[in-house]
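Student: Walk me through this model, please. I want to know how to read its features.

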Amino acid sequence: MATIDLRSLSQEELTEQLKSKGYPAFRAKQIREWLDRGITDFEQMTNLPKDLRQTLAELYSVPGITIVRKLVSAIDGTVKYLFQLDDGETVESVLMQYKHGWSQCLSTQVGCKMGCTFCATGLGGFIRNLSAAEMIAQIEAAQQDAGVRVSSIVLMGMGEPLDNYDQVVRFLRMLGEEGGVHIGMRHISLSTCGVVPAIYRLMEEQIPLTLSISLHAPNDEIRSRSMPVNRRWPMDELLRACRDYIAATGRRISFEYAMIDGVNDSDAHAAELADRLHGMLCHVNLIPVNAVAGKSQRRSSRERIRSFMDVLQKKGINATVRRTLGADINASCGQLRRQQDQQGE
């Protein structure tokens, strides 16, 4: 008989299933606490009665997630994981330490459909979506391995989160539940390359996360060359959705902007970007782009990035340069999985 993936159940769903079998509601929270600690063997859940442990073993399972590779930065302690899922597919996740605590960058898909030219993830194509349980499993596995508590999440790893909308929203709802990972929505950032219909759906959810838009260009001509999604939803349409999202939620949007030498980093580009974002409740996060094997782009110089930021700020746009973490381990997502795939060829 097929078993039910225990980690995939929300606390409410698990509570109802346990109650139907005669167990009190508080047992669901206890079970979620064990899973959060990385315990997947029901016999080790010692505060549960023996008959409940037997029932769990008969009816439920906890699909595994294992660390295939792990790189630790000698510079700042950033940890990059390559996780293997139950079906043998692999995804990446990055654990980063900030002053406010530990943050984790999660994957939402195996591969990606979007084909952005500066990203390693899409080079291997799209394989499948991750389940909400597989997203939670990344957090639980990293916490157990590193012996830390993750206090903030960035959905900016492998994949386009809004292309896996239903499972991502389910994951977000489960994150806030008592007894589990329990991370508040104000500590969550979701990054999208600009799937406009899904931005409007997310707006209706009224989830108080931080929406980040991977913009990376000041105009359609440049953006369409580097981000095929722009041919489907051009910048005017995307930015209109962003303004509507801000108006409906009252929350600031963050625009991610990868600084690519000679492509999108001139002062004229900065001025054009500032004009497009004028009057919007937003922040621009300038990202020194990472080198990717098989890609020709190079990161802009420090001087060029500083000048670009100065132009934005003088035009009233809040802008900062993202702190680079894990530079010695190529901590941006997609590269470790690609290396692993190439070794297996």
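Tutor: Start with helix H2 (residues 26–36). Eight of its 11 residues are buried, so H2 is largely enclosed by the rest of the structure. Buried means under 20% relative accessible area, exposed over 50%, and partly exposed in between (1.4 Å probe, protein chains only). Helices (H or I, at least four residues) and strands (E, at least two) are DSSP runs, numbered from the N terminus. A caution on origin: this is a predicted model, where local features need pLDDT of at least 70, side-chain atom pairs count only at pLDDT 80 or more, and totals for chains, interfaces and linings use all residues. Residues are numbered from 1 along each chain as its sequence is written, and side-chain values use heavy atoms, with hydrogens and water left out.

Student: Which residues of H2 are buried?

Tutor: Arg27, Ala28, Gln30, Ile31, Arg32, Trp34, Leu35 and Asp36.

Student: What do the buried residues of H2 pack against?

Tutor: Read packing from contacts, meaning heavy atoms within 4.5 Å. The buried residues of H2 pack against helix H1 (11–20), helix H3 (50–59), helix H4 (132–146) and H5. After H2 comes Gly38, with a positive phi near 90°.

Student: Now the sheet. In what order do the strands run?

Tutor: Pairing comes from DSSP: two strands pair if it finds at least two bridges between them. Here 10 strands make an open sheet, ordered E3-E4-E5-E6-E9-E10-E11-E12-E13-E14, with mixed pairing. Strand E3 (66–72) and E14 are the edges, each pairing on one side only. Neighbouring strands are turned by 25° against each other on average, direction ignored. Axes are lines fitted to C-alpha atoms, for helices over the stretch in contact; angles run from 0 to 180 degrees between N-to-C directions.

Student: How many bridges join E6 to E9?

Tutor: Five, between strand E6 (residues 101–106) and strand E9 (residues 150–155), which run parallel. One to locate: Cys105 has Val154 in E9 as its bridge partner. Helix H9 (residues 235–249) packs on the sheet, touching strand E11 (210–214) and strand E12 (253–259). The direction of H9 makes about 145° with that of E12.

Student: How many salt bridges does a search of the whole structure find?

Tutor: The criterion is a side-chain nitrogen of Lys or Arg within 4 Å of a carboxyl oxygen of Asp or Glu. The search finds 19. Take Arg173 and Glu205, at 2.8 Å, N to O. Arg173 lies in helix H5 (residues 165–175) and Glu205 in helix H6 (residues 196–205), so the pair ties together parts 32 residues apart in sequence. Arg173 is partly exposed at 44%, and Glu205 is partly exposed at 24%.

Student: Where do Asp275 and Lys315 lie?

Tutor: Asp275 lies in helix H10 (residues 267–277), and Lys315 in the loop between helix H11 (302–314) and strand E14 (319–321), so the pair ties together parts 40 residues apart in sequence. Their side chains meet in a salt bridge of 3.6 Å, N to O. Asp275 is exposed at 52%; Lys315 is partly exposed at 40%.

Student: Which residues do salt bridges that share partners join into one network?

Tutor: Asp87, Arg128 and Glu134. The Glu134–Arg128 salt bridge spans 2.9 Å, N to O. Glu134 is buried, at 17% relative accessible area.
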